[in-house]
Amino acid sequence: MTQAWIVFTKELADALRDRRTLLRILIPALLMGPLLLMALSGLIASFEERAEKREVVVYGADNGPTLVNYLQRQTYTINSIKGDVLREGYEKGLREGKMAAPLLVIPADFEAKLLAGEAPVVEVMSDSANQRAQASVGAVKGLLYGFNQERASLNLAMRGVSIELLKPIDIEERDLASVQARAARLSSIIPMFIIMAVLYGALTAALDSTAGERERGSLEPLLMNPAPHGAIVVGKWGAVALLGMAVALLSSLSFVPAQWLLRSDSLQAMFQFGMPEVLAFWLLQIPLAAGLSAMLMALAIRSKTFKEAQAGSTLIVTAISLAPMVTLLNPGGEAAWYLWVPGLAQNTLMLAVLKGETLRWGQVLPGVVVGFALTAVALFYVARSMRAAVAR
Amino acid sequence: MIDIQDVHKQFTTRTGAGLFKRGRKSVVHAVQGVSVTAANGRITGLLGANGAGKTTTLRMLAGLLAPDSGHIAVDGIVVGSRESAMGRPEPAQPPRGVGGATRRTGGTLAALARMGILGDAHGLYPRLSARENIAYFGRLQGMELDAANARAEELARLLEMQSILDRRAEGFSQGERMKTALARALVHDPANIVLDEPTNGLDVLATRALREALRWLRSPEGGSKCIVFSTHIMQEVEQLCDEVVIVSHGRSVAHGNVPALLELAGEQRFEDAFVKLAFPEEIAA
C-alpha cells in the first residue's frame with residue numbers, strides 16, 4: 001500500500017510538472033463547452049427577439065388589404081417590400097442566411113379571387129437551410145390559418161350556420177416539460193464536454209505512465225525495485241484517474257460562470273447549473289474515470305512507443321466521444337441498456353440531473369458496477385503485462 | 001555474493017517475414033550454460049562479444065526473465081523461489097516456458113532488495129530532478145524520504161555529481177544520465193551491485209570516475225560490495241576486475257583472474273587471450 005502511494009505521488013508530481021501538456025489539455029476542456037453554450041444562447045436569443053418583434057415581411061401588401069388588416073389586428077406590424085429588385089434581394093438574403101424572417105407573397109389577384117371564393121394562393125417563402133427563417137415559418141403559417149378560420153367562420157355565420165360546426169373538437173396545448181426540462185434541451189451538450197474532459201485528463205497521463213515509461217527505458221529499472229507489480233500499477237492508475245477527475249471538475253466548474261454570460265434572459269432563468277449540479281456531475285464521473293484510465297493503460301502497456309499507444313487509444317477516444325451521440329440520434333427515449341455502457345451511462349445520468357430529476361440507486365449502480373469491474377480487469381491485465389513488456 | 005549456476009534461456013523469434021507471409025519460427029539459444037560466482041569485496045567482470053548472452057544472463061539475475069533451467073542465488077536467496085526468508089534457500093520453481101513472464105515470487109523480491117542493478121535500459125524521469133529520481137527508487141526500496149535524500153547526497157559526492165543533483169534530468173548529458181542511473185541503483189546501499197555495460201557512451205573522464213567509484217565500493221571502507229559488471233572492453237577488465245568470466249555463444253568458457261587467463265591461453269596480450277578462449281574455432285580455421 002505504501003509503495004502504491006509512493007508511485008501515486010511521483011506520477012502526480014511528474015504529470016503536474018508537464019505544464020505545456022496540461023495547458024493544452026485545459027484549453028479545450030475549459031473553454032470549448034462554455035463558448036459553444038454562449039453561441040447557442042445567442043442563437044436562441046435571436047429567436048426570442050424575432051418572436052417579440054411580431055413583424056411579418058410581406059411582398060405585395062397592396063394586393064391584399066383584407067389579409068394585411070387581419071395581420072394588423074393580430075398586433076403584427078407589416079414590413080412591406082415593394083418592387084422586384086428588392087424582392088429578389090430579399091430572396092437572396094434568405095438563401096444566404098442573412099434574413100431571419102420568411103417572406104409572405106400576396107398575389108396581384110388576391111382580393112378578386114377571395115371575393116369569388118376561388119382560394120387565392122399565398123406563398124410563404126423560406127429556405128430550409130436557413131434555420132432562423134425556418135423557425136418563424138410556423139408562426140406565419142399559424143397567422144394564415146387564423147385568417148382562414150376567421151374568413152370561414154364569417155362566411156358560415158352569414159349563411160346562418162353555427163360556427164361550432166367548424167370546430168368539432170377544441171385543441172389546447174399543454175407542455176408537460178418542466179422549466180428545467182426545456183432548458184435541458186440546450187444544456188444537453190454539457191455532459192458531452194465533461195465526458196471529454198475526463199478523457200483528455202486521463203489520456204496523456206495513462207499513455208505516459210505506461211508506453212511512455214517503456215519508451216524512455218525507465219520501466220525496466222522501475223520493475224527492478226522490490227515493489228509488487230500490483231502496487232506499482234495501482235499507484236499509476238490512481239494518479240491517472242485523479243487527473244481525469246480534476247480536469248472533469250474544472251470543466252464542470254467552467255459552466256457556472258458561463259451561464260452568467262448567457263445572452264437570453266429567459267434562458268438564464270431556465271438554465272440551472274449550480275454547485276449541487278457540479279458536485280453531482282463530478283461524483284457521476286468517478287466510475288468513468290476509473291474504468292477509462294485503467295482501460296487506456298491496458299491498451300498502452302502492450303505498445304512499444306507512445307506513438308503506437310496513441311494510435312491504439314483512438315478507438316476508445318472515438319467510442320467514448322460518440323457515446324452521447326446515441327442519445328441525440330435516438331431521441332425516442334432512453335433505453336435501459338444505456339446505463340450499462342460506460343460514457344453513455346454517465347451522459348444519461350447527467351442529463352437526468354440537468355432535467356432536475358432525482359437519481360435512484362437503480363440508475364446509478366449499473367454504471368458504477370461496470371466502471372469498477374472494468375477497472376479491476378484492466379489493472380489485472382496491466383500488472384500481468386508489465387514484466388512481459390520489459391522481457392521482450 | 002552472487003551465484004549463477006548453469007543457466008539456460010531460449011527465445012522464439014520469427015525470421016524473414018514477407019508482406020503476406022509470416023516468418024518461420026526459429027529458436028534462439030541466448031544462454032546455454034553460463035555460470036558465474038561473484039564473491040563479496042571483489043569485482044567480477046562478465047566479458048564477451050556482442051550477443052554473447054551477457055545481458056540476458058543479467059536480466060535473469062534481475063528476475064525480469066525466468067531461466068529455462070539453472071539456479072541463481074543472491075546472498076543465499078534463490079531468485080524465483082517462493083520463500084523470502086533469508087538463509088533458507090528454496091529450490092527454484094520449475095521452468096516456466098519460453099519467455100515466461102509470470103508473477104514475481106517472494107524470493108525474487110527479496111533478492112532484488114539485496115541488489116543494485118543498472119541494466120541496459122536506464123531511462124530517467126525527465127521532469128524529475130536527479131535527486132528526485134534517486135529518492136523515488138530509494139522510497140520504493142523501503143527507505144524513508146529523509147534517509148533517501150541523505151543517501152542521494154552521499155552518492156552525489158561519491159560520483160561527483162553534486163552540481164546536477166537538483167537539476168531536472170531533461171537536459172542531462174550521457175555521462176550525467178549514467179551517473180544518476182547508477183546512483184539510483186545504489187540508493188538502498190545494496191550488498192550486491194550489478195552493472196550491464198556501464199561505460200557505454202561515457203568519455204574518458206567519466207569512465208575514470210566510474211572506475212574509481214567501483215574501486216571504492218569494493219574496498220572495506222566502501223562496504224566490500226560484491227560487484228558484477230558486463231563489458232566487451234578489454235581495458236576495463238584488465239584495470240578493474242579481480243575475477244573474469246568469459247562468455248561466448250551463450251556459454252561461460254573460462255574464468256579466473258587476468259594473469260591466470262593469460263597463462264591459460266598462453267598469450268602475452270589480454271586481447272589475444274580473450275579471442276583465443278572465446279572463439280577457439282575461428283583461431284583454428
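Predicted model: local features only at pLDDT ≥ 70, side-chain atom pairs only at ≥ 80, totals over all residues.
# A tour of the two-chain model

Residues are numbered from 1 along each chain as its sequence is written, while chains are lettered from A and ligands numbered from 1 in the order in which they are written.

**Stop 1: helices 8 and 10, chain A**

Select residues 189-216 of chain A for helix 8 and residues 229-260 of chain A for helix 10. Helices here are DSSP runs of H or I, at least four residues, numbered from the N terminus. The two axes lie 8 Å apart, at an angle of about 150°. Axes are lines fitted to C-alpha atoms over the stretch in contact, and angles run from 0 to 180 degrees between N-to-C directions. Helix 8 of chain A is therefore roughly antiparallel to helix 10 of chain A (over 145 degrees; under 35 is roughly parallel, 65 to 115 roughly perpendicular, the rest oblique).

Now show the side chains. From helix 8 of chain A, the contact includes Phe193(A), Ala197(A), Gly201(A) and Ala205(A). From helix 10 of chain A, Val240(A), Gly244(A), Val247(A) and Ser251(A) are among them. Contact means C-beta atoms, placed from the backbone, within 7 Å. The residues of this contact divide into 17 nonpolar, five polar and one charged. Nonpolar covers Ala, Val, Leu, Ile, Met, Phe, Trp, Tyr, Cys and Pro; charged covers Asp, Glu, Lys and Arg; the others, Gly among them, are polar.

**Stop 2: helices 12 and 14, chain A**

Move to residues 275-301 (helix 12) and 344-354 (helix 14) of chain A. Their axes come within 10 Å and cross at roughly 165°. Helix 12 and helix 14 of chain A are therefore roughly antiparallel to each other. Their crossing is right-handed.

Pick Glu277(A), Ala280(A), Phe281(A), Leu284(A), Gln285(A) and Leu288(A) on helix 12 of chain A; they meet Gln346(A), Leu349(A), Met350(A) and Val353(A) on helix 14 of chain A. By class, this contact has seven nonpolar, two polar and one charged.

**Stop 3: the domains of chain A**

Colour 2-42 + 180-391 of chain A as domain 1 and 54-174 as domain 2. The bounds come from an automatic or database domain assignment. The C-alpha centres of these two domains lie 52 Å apart.

**Stop 4: where A touches B**

Show both chains. The contact takes 20 residues from chain A and 23 residues from chain B. On the chain A side, helix 1 (2-17), helix 9 (219-223) and helix 15 (361-391) each give two or more residues. Helix 1 of chain A gives the most, with five residues. This side of chain A has nine nonpolar, four polar and seven charged residues. For the complex, the predictor gives an ipTM of 0.84 and a pTM of 0.79.

**Stop 5: chain B**

Select 1-6 + 30-114 + 191-285 of chain B for domain 1, then 122-189 for domain 2. Their centres, taken over C-alpha atoms, are separated by 24 Å. Domain 1 of chain B puts ten residues into the contact and domain 2 of chain B nine. Which helix gives the largest share of the domain 1 side? Helix 6 (residues 204-218) of chain B, with four residues.

Finish by colouring chain B by pLDDT, the predictor's confidence in each residue, from 0 to 100. The mean for chain B is 85, and 90% of its residues reach 70 or more. Over residues 84-102 of chain B, pLDDT stays under 50.

Methods: Left-handed = near helix turned anticlockwise from the far one by under 90°. Contact = placed C-beta atoms within 7 Å.
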